[in-house]
Amino acid sequence: MKLNAALARSTVVAALGGLLFGFDTAVISGTTSALTALYNLSPALLGVTVASALLGTVFGAMLAGFPGERYGRRDSLRIMGILYLVSALGCAWAWNWDSLVAFRFVGGLGIGGSSVLGPMYIAEIAPAKWRGRLVGLFQFNVVFGILLAYFSNYVISLMRLGAAEWRWDFGVAALPAALFFGLLFSIPRSPRWLVKKGRLPEARAVLQQIGERDVETALSDIEGSVDALHGHAEEPLFQAKFKLPIFLAVTIGMFNQLAGINAILYYLNDIFAAAGFTKVSSDLQAVAIGFTNLIFTMIAMTMIDRLGRKKLLLTGALGCAICLAGVALVFASGAHENLLVWLLIGFIAFFAFSQGAVIWVYLGEVFPTSVRAHGQSLGSFTHWVMNAAITFAFPVVVAHYSKAAPFVFFAVMTALQFVVVLAAYPETKGVSLEDLQKKLVAG
């Protein structure tokens with residue numbers, strides 16, 4: 001099977017949801033000081049402001065499996081595009097703090113939903129030998145969106161817009177949101193979803209369209225995987241035979257956030273300010289970190305199908321633990337603040353090279369077709385619950401304990417992740433989704 005134009009276009013369009021995901025989650029970093037001053041926010045209320053979108057992601061991730069199963073992955077992504085657009089415009093025109101939080105929540109619904117549906121759609125149309133790289137394009141777009149958010153914040157800060165600056169930071173996301181929604185009308189449905197719904201002629205046509213060489217064999221394999229589990233296309237997720245995929249999804253979702261990645265990205269300007277950087281220089285440092293995130297995600301995408309998922313996770317966990325321990329030492333000692341940027345760049349590089357690139361690939365692989373939508377929702381739900389909790393707690397912990405405290409916790413968690421991955425994670429590279437089902441499902 002070759003990477004033809006239809007397969008490439010479908011992957012790129014679905015992955016655009018990741019760009020909006022990254023932009024919407026990171027853009028808040030450039031607005032925290034302005035919002036704190038405008039609405040007189042305490043550390044706890046600042047945490048609520050930032051975490052409001054993440055509360056939306058929890059519900060979006062938890063519920064996305066239902067429209068994903070009923071209406072299909074592609075059509076459900078269109079709903080996410082509308083939510084992104086409404087959120088961007090609503091935040092830009094927010095008339096008070098309550099409305100801002102509400103529109104951030106709406107954006108979170110889109111982020112959580114697309115974090116489930118985008119990788120799932122790509123995994124279901126991708127051939128096994130390219131699945132890691134193609135699903136990895138979603139994560140590439142996430143970090144590209146983060147970089148765009150940081151760069152956008154920096155450019156807008158140079159425009160001297162005064163009190164309206166934060167509104168522009170949020171509002172520019174409306175343009176890619178509208179583009180994403182429109183392009184979703186140009187790609188086919190998932191062939192595996194079509195088989196689940198008994199729409200075999202349509203599934204056959206999609207397999208032909210995306211360049212599958214042996215269409216009938218591929219169609220037969222998909223039918224077999226859908227019907228293998230007691231002859232039913234639909235099954236409850238929480239069964240003993242799915243305990244390994246459930247464990248893998250929940251732990252990779254937890255550890256992804258216990259590393260502190262999103263708390264650091266959301267409060268990056270505040271972290272630099274605590275070390276003595278100005279607003280403009282903080283925005284510029286954030287661009288450098290966003291660029292590092294992008295570069296090392298690209299490197300990971302070229303390696304993920306060669307080295308495998310497990311080796312990347314182990315390498316990244318070790319590197320992240322060392323860099324986070326260094327950040328904790330800088331804040332605990334109050335010295336060597338000049339090393340802070342380099343330690344954070346190192347952390348971002350190791351994270352992007354490992355779990356940043358692996359999480360959405362792994363979640364799209366470990367569940368069989370019969371429960372993939374709900375299983376991926378579980379993993380994404382876990383990811384966003386931990387994200388919301390840590391993002392809310394970060395400014396509170398810093399205010400009540402010390403600047404070093406959260407980084408000590410993050411370092412310990414990444415060290416623990418190394419042990420868990422080494423002991424329990426199977427390698428999934430180069431294996432078809434149907435063969436993975438036989439390997440990971442008990443009984």
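Figure 1. A disulfide is a covalent bond between the sulfur atoms of two cysteines. In this predicted model, the count of disulfides is 0.

Figure 2. Across the whole structure, a search finds 14 aromatic pairs. One of them joins Phe 140 and Phe 144, whose rings are stacked, with 6.1 Å from centre to centre and 10° between the planes. Helix H7, spanning residues 131-158, contains both residues, which are 4 positions apart, or about one turn of the helix. Phe 140 counts as buried because its relative accessibility is 17%, under the 20% limit. Phe 144, with a relative accessible area of 29%, is partly exposed.

Figure 3. Trp 166 and Phe 170 form an aromatic pair with edge-to-face geometry: the centres are 6.1 Å apart and the planes are at 80°. Both residues belong to helix H8 (residues 165-171); because they are 4 residues apart there, about one helical turn separates them. Trp 166 and Phe 170 are both buried.

**Figure 4. A phenylalanine cluster and a charge over a ring.** A single aromatic cluster is made up of Phe 331, Phe 394, Phe 407, Phe 409 and Phe 410. In a separate view, Arg 78 places its charged end over the ring of Phe 185, at 3.9 Å from the ring centre.

**Figure 5. The largest pocket and its lining.** The volume of the largest pocket is about 310 Å³. Its lining consists of 21 residues, and those nearest the centre of the pocket are Pro 127, Ala 128, Arg 192, Glu 212 and Glu 434. At least two lining residues are supplied by each of helix H6 (97-125), helix H12 (215-227) and helix H21 (433-440). H12 provides the largest share of the lining, with 4 residues. By residue class, the lining of this pocket comprises 11 nonpolar, 8 charged and 2 polar residues.

Note on methods
Residues numbered from 1 in each chain as written. Predicted model: local features only at pLDDT ≥ 70, side-chain atom pairs only at ≥ 80, totals over all residues. Heavy atoms only, no water. Phe/Tyr/Trp six-rings, centres within 6.5 Å; stacked < 30°, edge-to-face > 60°. Buried < 20%, exposed > 50% of the residue type's maximum accessible area, 1.4 Å probe, protein only. Lys NZ or Arg CZ within 6 Å of the ring centre and 35° of its normal. Disulfide = S-S within 2.5 Å. 1 Å grid on protein atoms, 1.4 Å probe; cavity = no way out; pocket = protein on both sides within 12 Å on 5 of 7 lines; lining within 4 Å. Points joined across faces, edges and corners; volume = space filled by probe spheres on them. Nonpolar A, V, L, I, M, F, W, Y, C, P; charged D, E, K, R; others polar.
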